[in-house]
Amino acid sequence: MDYKDFEDIESLESQRAGFDFKGFLFKALNLWKLVLLCIGVALIVAYFINVRKQNIYRLDSLITVENDQNPFFTANTSISFNWGGVSGKVGSIITAIKTRTHNELVIDSLEFYKEYLRQGKYHLIDIYKECPFEVVTSKSAPQVINKALKIKILDKENFELSYEFEKEISEVQIYNTKEKKSIDIKPGLFKEVFQFGKPVQLPFFNGVIYLKDDSALNPEINYYVRYLNFDSVVNIYRSTINIEPSSKEASSVLRLSLVGKNKSKIVDFLNATTAILSKTELERKNLYATNTIKFIDSSLGNVDAKLKIVTDEMNDFRKKNKVFDVEEEILQVSDQLRTYEQEQLQEQSKLNYLNTLENYLRTRTDYTQIAAPSTVGITESNILSSASRIIGLSVERRNLEYSTKEGSILFDDLDRKIDTEKNVLLEAINSTRNTISVQLNTLSRKIAGLEGKLIDLPENQQEYLKIQRSLDISREAYDVYQAKRSEAAIVKAANVSDITVIDEAKDIGNPPIGPKKSLNYMLALMIGFFAPMFMIFVIYLLDSTVHGSDEIEKMSKIPILGLVGKYRYKNNLIAYEKPKSAVAESFRAIRSSLQFIFKNNPSNTRANTLMITSSVSGEGKTFTSINIATVYALSGKKTILLGLDLRKPKIFDDFNITNEKGIVNYLIEDSDLNEIVTNTHIENLDLITSGPIPPNPSELLMGDRLKKMISDLKDDYDIIILDTPPLGLVTDALELTQYADATIFMVRLDYTKKGMLQLVNSKYRTGELKNISFVLNFYKHKSNHNYGYGYGYGYGYGYGYGAYGNAYHEKDNQSFFKKAKNFLRRL
């Protein structure tokens, strides 16, 4: 083998290895009806999806978050809550609106766990605010959840409540406590008539249904009331509501948006969530003042009790002692002593507050209940600012607990900030406490000095002055606390929410944002096209059969001798019984092509021998052998057909003869040559059947008897046709190539495996097969370069071969089921 042969082999292998895009394209074009059908089905499915889907709307509202300063705020009365600037409040608002607590308040206030429904064409439609009746729910009684209770209006006085219970147990919920439990229900249809405005008390429903005055009654319409799991509803709205800055320039302006199927519900939810959020934020803003008022009230109670005691003590003293005058000098000393004692009391109050605050910081984890230090006269800026920041961070952490899982890094960051502020506040407390202790020691010395000046007075005068000082101090303390409480109340009353509505939610005819009908149709078009294309691609990749002459030309250098079309007939004698058919014309064309091969073999002066083989059974080898022999005989050539397929003999049945005697009898020397030759009803055509199936067919064919038989037959006949076993299954055909002047290898389209062509190529390159040509069976001409995929096939007595060309074709009327079967075979 020279270098050029190797190049040819390498070229063929490379062609086989590459993906044949052209073949795939023609296969897809051949199945255009399937692709069109899939696209149509996908578009129909998309249409039914679109008509069944409800419209989806998106509405929004605008709010602003500002740092509104209390008009009564002063440096000395700082009891309004400082949130740490607008940016801190914006982050807190965004967090709060996603919390479970906030959404529970909104859902509870709107009773969105209750749905009013009407039966639509394809599904139940939410008719919130459009229902002709109203259900007042008994929140302390159980309500069945996730079941649409049917309400049919009978007249203006009565309605019918019904539901088909399938199970014995139903789940109910009590909306006051949000408790869920299971109740026993009798399976079957419940149906009962009730009056509007009268309480309905059932195990699964409790409430009063009122008919709206302006409602138009239509007994034909079915209405439904459905209660939902409260927690599930909260989670749905919590996950669907969206809040974000409306623009980068105005970060304090937030846009709230919500998507839903009922615009009235969206409007109410957005407006309610804004109102509740504003109220909640105002309560948080007043938290400092509220805690301060509580602290003042508790201190005021103690002072008031002490004032009563001292007043009673003064009254008792006056009853027991006569009224007497005290010298002016002594009164001045007493007044000075009262001033020092009052200062001592104030400093002691500060010290007590600081000790209490330190203990609170060291023993608690929730720091939202700290009272204002200014209520006891503490004005140190470090303590005031640190206390305010700790409260703000504590509130932020508490809000975060409702929207973030425990263990999040956000908690760690907040805890670090709280610990830092707490340490700063503890240091400020310790420093201030030391200062107060020094002042208390100084006041104690001054008080002791003044008390020494009064020690010489009579005992009753000393007692009087002591009670009078205590009474004055208690009165002054009471007045101070009253003033502080009034101040805190004024500050709290003057506080306004930092949240202001700029543009409330409103239905102004907003068009739906979904469903995306055009997108659904586009997806259906893509799925309908690419799904069958992918299926065709997979089938094409997995398909290992030969489909057209182009594939053979790419895979092999062996020439194609002829083409045999598909035609349905009762037996294999088409060339004899249907001489005008396209198949008969095909075999005459093959006969003409064989003449050129035989003429190129000048060494053969006797009869020409033609061997017909294939890769496997069922490729039309015997069919071709019979018809080629027939066209040679009809042309006047004395022809004999040898059935050398000793394992699976076939040719005898078409000629209505038996297979009792044949080549096997001759090869085992059981019969002479003239005893096994059978004259057929076709002129010039004789036949030798294979005979009984031997146990050793290969050994018989390798013997000298076959060689002698071929030699004898060449003396009597012009053409010898050898019908051999399949080349890809047994080696018998290779043994017979020595007798063949030409070899035809049958390739049945849509049946023969490509791997078999590689086997023939290999034997052709090694010289084991000479003068070999391909004949394509089951060929059907197509304008797409012979890529006629999936035409179907049948094998047996009467192969059913199709006509080639319209001139000889007899139209075959197929039933609808056969056409459908053939169409499915193309896949």
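Residues are numbered from 1 along each chain as its sequence is written, and side-chain values use heavy atoms, with hydrogens and water left out. Because the model is predicted, local features need pLDDT of at least 70 and side-chain atom pairs count only at pLDDT 80 or more, whereas totals for chains, interfaces and linings use all residues.

Side chains of opposite charge can pair when their charged atoms come close. A search of the whole structure finds 21 salt bridges, a salt bridge being a side-chain nitrogen of Lys or Arg within 4 Å of a carboxyl oxygen of Asp or Glu. One of them joins K621 to D723, with an N to O distance of 3.3 Å. This pair links distant parts of the chain, since K621 lies in helix α17 and D723 in strand β22 (residues 719-723), 102 residues apart; helices (H or I, at least four residues) and strands (E, at least two) are DSSP runs, numbered from the N terminus. K621 is buried, with a relative accessible area of 6%, and D723 also counts as buried, at 2%, where buried means under 20% relative accessible area, exposed over 50% and partly exposed in between (1.4 Å probe, protein chains only).

The side chain of K621 also meets that of D645 in a salt bridge of 3.8 Å, N to O. Here too the pair links distant parts of the chain, with D645 in the loop between β19 (639-643) and α18 (663-667) and K621 in helix α17 (residues 621-634), 24 residues apart. Both D645 and K621 are buried.

Another salt bridge, between R416 and D413, has an N to O distance of 3.6 Å. Both residues lie in helix α11 (residues 409-453), 3 residues apart, which is about one turn of the helix. D413 is partly exposed, with a relative accessible area of 33%.

Two packed helices are described by the angle between their axes and the distance between the axes. Helix α16 (residues 582-599) packs with α17 at an angle of about 75 degrees, with the axes 9 Å apart; axes are lines fitted to C-alpha atoms, for helices over the stretch in contact, and angles run from 0 to 180 degrees between N-to-C directions. The two helices, α16 and α17, are therefore roughly perpendicular, a term for angles of 65 to 115 degrees. The contact (heavy atoms within 4.5 Å) includes F587 and L594 of α16 and F623 and I628 of α17.

Note on methods: Angles under 35 degrees count as roughly parallel, over 145 as roughly antiparallel, 65 to 115 as roughly perpendicular and the rest as oblique.
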